[in-house]
Amino acid sequence: MPVFRPHKLSRRRFVTGLSGAALCAATSTRANPIGEPRSVLSGNSFRLSLDYLSVNMTGKQRLATVVNGQLPGPLLRWREGDTVTVDVDNRLAEDSSIHWHGIILPTSMDGVPGMSFSGIRPGDHFRYRFQLNQSGTYWYHSHSGYQEQTGLYGAIVIDPKGGDPDGADKDYVVMLSDWTDEDPAAIYARLKKVSHYYNFNERTVADLWRELGREGLVGAWRDRAMWNEMRMSDSDIADVTGYTYTYLMNGTTPDPGWKGLFKPGERIRLRFINGSAMSIFDVRIPGLDMTIVAADGQPVEPVTVEEFRIGTAETYDVLVSPKSEIAYAVFAQSIDRGGYAFGVITPDPSLTAEVPTMDPVPVLTHADMGMGGHTGHAAGEHTGPAHRPNTGIKSGDPGAHHGHHHQGHHQGHSMMADAERPAPAGNGSSALVVHAATEYGPQVDMRAEMPVSGIHDPGIGLRQRADAESPRVLSYDMLRYRYQTADRRDPEREIQLHLTGNMSRYMWSFDGVKFADADPIRLSYGERVRFFLVNDTMMTHPIHLHGLWSELETGDALHLPRKHTVLVQPGKTASYLVTADALGRWAYHCHLQYHMLGMMREVRVT
């Protein structure tokens, strides 16, 4: 049964699906721009209502799907060790669901229609009940249709049993998201027809003259020929951009912007959550260092940075200590520099800060396209094609396997022969990159031939800042779990998965196999497995595994950071260890909503 079902709601279905009371409640709203969300629900028993709401983000009235009449939904404040009960009423005219992102719980409570339960029908009710065996910053969102894009999401904070270990004086959630006035189904339809529909950063004649001056005729011609051969653009950083998106911070547009209050000298925890549908943000607070103390809700050894990238569905907790009685900008620019979310932390509600200047539009290089080279620098320019275009080799051709037998192409292929063992825990994969036979078909138009690890790479658009003398920019290798890794076993086997796509047709998949045609990835209860991901596309993909921790291999096996979502850079690899300690059926997918239809698998633990 499909997990993700796009649905276009007609005006007639909307009206007939709502009660008179709900229609009266559907009035224009704007989130509280100052301080905490309008609603914080705490305790261990909750009731949530899924409904429609008329909102005005851009000067136009549009219909949103919301929780308890709010966008974002209410902040749920839980306590570690409690058992929580959440009753959800669906007042929408279509099926709905709530997925508790990053919460480790029984599969029947995970909230993925068609995989862990049947969904919540219009007018029906569902009771979620589970114990909280973790603390930290998480979030919740619909896993049905495009409801996450249209506003059905909210924040979760689970307070630890022993109190805040970092001793913050103030605590703010900073939820980033993207809003569009367009029908999400129409956005997807446009992308299927013209994949670069929302990209207005294509090369111009002026760019060509600059390249001629910098690289000469031969260099400029060679570079242009490469991109033309692959039918790709070196500025194609994000599928959906600020052309249609308004970027929100706690539900508030950049004008007026969100505000959080402080007293000079206070230690403030900012809980950043990327609750967007399709947007990756780079976050900085000019004039303030940020000390990262948690990633995806899990504590890490404090690391101080000036900027960090937060992928769709990731969370980061940072501490800041403003000393001056001035307002500081909280600035989150989209990865393609097409727009930004904005707020301030200030000692006085009447004070504000200047909006920082956005960085230049990033441009993909050969290294970003799987040609190898430096992983942590903006350099790495290479000659020759960065990706190998799909030449139409059929799955039966000898070259399709690159010398390796492909086992179980629908579920991801094992990289361990009978006499081999995977590399020790923490070191990452030592296996060769293998392009499966299924990657040579209509689902795939590019393959990285020499990908390297992206763990040390802050990502496109941030490398120049990372290489500068003063800025400190986060890369994954800087994250160390604050406590020791619980399962110190080496992996028993490796599963290599390729993130694949056909950009011109807007088709996304794993190993060239879309979700509808894929077999489950099967894990045995208790086993220790390495997932080795190879990004064969030009896009940055946030990959989310439900129900199980992904322990990112950053080099220190004793302190592997635990994450639920991992960004995989274009033309790069990433690896993490998974202990299959939760029985059931779990979704595993790219968290970019318009990629999720194809780039998804079921992980089945038996």
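The accessible surface of the protein chain amounts to about 22100 Å², and 52% of this area belongs to carbon and sulfur atoms. The model is a predicted one. Of the 606 residues in the protein chain, 61% are buried. The protein chain holds five helices and 35 strands. Among contacts in the protein chain with a separation of 6 or more, 78% are between residues 24 or more positions apart.

Strand 34 (residues 584-590) pairs with strand 29 (residues 541-545) over three bridges, in the antiparallel sense. The residue opposite His544 is His589, in strand 34.

Contacts across the sequence can be followed from single residues. Thr573 belongs to strand 33, which covers residues 572-579. The relative accessibility of Thr573 is 9%, and because the limit for a buried residue is under 20%, Thr573 counts as buried. With residues up to four places away in sequence left aside, Thr573 touches Pro451, Val452, Ser453, Gly454, Phe532, Leu533 and Val534. One of these, Val452, is 121 residues away from Thr573 in sequence, yet the two C-alpha atoms are 5.8 Å apart in space.

The side chain of Thr137 is joined to that of Asp317 by a polar contact of 2.8 Å. Asp317 is also one of the residues that Thr137 touches when those up to four places away in sequence are not counted; the others are Ile156, Arg271, Ile273, Asp296, Gly297 and Thr315.

Aromatic rings form 24 pairs. In one of them, Trp100 and Phe130 have their ring centres 5.9 Å apart and their planes at 55 degrees, a tilted arrangement. This pair links distant parts of the chain, with Trp100 in strand 6 (residues 99-101) and Phe130 in strand 7 (residues 125-131), 30 residues apart. Trp100 and Phe130 are both buried. Another pair consists of Phe272 and Phe308, whose ring centres are 5.5 Å apart; the planes stand at 75 degrees, so this pair is edge-to-face. Phe272 is part of strand 13 (residues 268-274) and Phe308 of strand 17 (residues 308-310), so the pair ties together parts 36 residues apart in sequence. Phe272 is buried, as is Phe308. Trp100 and Phe130 also belong to one aromatic cluster, together with Phe46, Trp78, Phe117, Phe126, Tyr128 and Tyr140.

Several backbone features occur in loops. The peptide bond between Leu71 and Pro72 is cis, and its omega is near -5 degrees. Pro72 is placed in the loop between strand 3 (61-67) and strand 4 (75-79). A cis peptide bond also joins Asp255 to Pro256, with omega at about 25 degrees. Pro256 lies in the loop between strand 11 (245-249) and strand 12 (258-261).

The loop between strand 11 and strand 12 also contains Asn250. Asn250 is a residue other than glycine with a positive phi, near 50 degrees. Its relative accessible area is 10%, so Asn250 is buried. A positive phi is likewise found at Ala313, about 85 degrees, although this residue is not a glycine. Ala313 is located in the loop between strand 17 and strand 18 (315-320). With a relative accessible area of 0%, Ala313 is buried.

Notes
Residues numbered from 1 in each chain as written. Predicted model: local features only at pLDDT ≥ 70, side-chain atom pairs only at ≥ 80, totals over all residues. Heavy atoms only, no water. Pairing = 2+ DSSP bridges. Helix = DSSP H or I, 4+ residues; strand = E, 2+ residues; numbered from the N terminus. Buried < 20%, exposed > 50% of the residue type's maximum accessible area, 1.4 Å probe, protein only. Contact = heavy atoms within 4.5 Å. Areas by Shrake-Rupley, 256 points an atom, 1.4 Å probe, with all protein chains shown as cover. Phe/Tyr/Trp six-rings, centres within 6.5 Å; stacked < 30°, edge-to-face > 60°. Polar contact = N/O pair within 3.5 Å; in protein donor to acceptor, adjacent residues only side chain to side chain.
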